[in-house]
Amino acid sequence: MHLRLHELLDYADVQRRALLTAADAVPPERWTERPAPDRWSLADLCEHLYMVEHSSARLVAKRAAEARAAGHPVETETTSVLASLDGARLADRGTRREAPERVRPGGGWTRARALQALAASRAELHAAAREGDGLALGALRHEHPRLGELDLYQWILFIGQHEARHVSQAAEIAAQLTGARHQASPDTSPSEVAP
């Protein structure tokens, strides 16, 4: 796999491990419990992450397949793309953000369903990257509803940064449910305040 895709997938996978580590502090039977009426449960949070990753991975796969069929040029660059999005802006928890309706959890998910869905959407992300492997994905652009026009590398990076945003939220939920003191993981970005 091309170096750029490899680094992006590695980054996303690090965020996923951090999220699951934070969530592991909550007993399985409490994953559906909300720490407050206006907050998400861990299962709700995972449902949201699944919806965002699933839709983004489908977009990347579709656009990459279309580009490959059209004879899109191969990738010749090897420089890192990890700094191509403002991760600090995405991770800023100072402003509460409401999830758009299309990625707002409907509720009712169990811990098992949440974990299965996250595994499925991560497999979709890896498959989408394979679909675009070798193509100059920086030249393929698509509008993101909040971030503006992103290239396909940035769409994959967005998935990792979005998940990093929610790592601290998962840790906060865990702390609120278990009474433990919240401490952000040092290898991730801060996470979202939104429910």
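Visitor: What is the average pLDDT of the protein?
Guide: This is a predicted model, in which local features need pLDDT of at least 70 and side-chain atom pairs count only at pLDDT 80 or more, while totals for chains, interfaces and linings use all residues. Residues are numbered from 1 along each chain as its sequence is written, and side-chain values use heavy atoms, with hydrogens and water left out. On pLDDT, the predictor's confidence in each residue from 0 to 100, 87% of the residues score at least 70, and the protein averages 88.

Visitor: What pattern does the protein follow along the sequence, and which element has the highest mean pLDDT?
Guide: Helices (H or I, at least four residues) and strands (E, at least two) are DSSP runs numbered from the N terminus, and the protein has five helices and two strands. Read along the sequence, these elements follow the pattern α-α-α-α-β-β-α. The lowest mean pLDDT among them, 65, belongs to α3, whereas the highest, 98, belongs to α4.

Visitor: How many aromatic pairs are there, and is the pair of Y50 and W109 stacked, edge-to-face or tilted?
Guide: Rings of Phe, Tyr and Trp (its six-membered ring) pair if their centres lie within 6.5 Å, and planes under 30 degrees apart count as stacked, over 60 as edge-to-face and the rest as tilted. By this rule the count is two aromatic pairs. The rings of Y50 and W109 have centres 5.8 Å apart and planes at 50°, so this pair is tilted.

Visitor: What is the angle between the planes of W155 and F158?
Guide: W155 and F158 are three residues apart in helix α5 (residues 152-178), and therefore separated by about one helical turn. Both residues are buried. Their aromatic pair is edge-to-face, with 6.1 Å centre to centre and an angle between the planes of 80°.

Visitor: Which residues in the largest nonpolar core touch the most other members?
Guide: A nonpolar core is a set of buried Ala, Val, Leu, Ile, Met, Phe, Trp, Tyr and Cys residues joined through side-chain atoms within 4.5 Å. Of the 53 residues in the largest one, those touching the most other members are L42 and L45. The elements giving two or more residues to this core are α1 (3-23), α2, α4 and α5, and the largest share, 14 residues, comes from α5.

Visitor: Which residues is L59 in contact with, leaving aside neighbours within four places in sequence?
Guide: L59 is found in helix α2 and is buried, with a relative accessible area of 14%. Its C-alpha atom is separated by 9.9 Å from that of L125, 66 residues apart along the chain. Leaving aside neighbours within four places in sequence, the contacts of L59 are H142 and W155.

Terms used:
Buried < 20%, exposed > 50% of the residue type's maximum accessible area, 1.4 Å probe, protein only. Contact = heavy atoms within 4.5 Å.
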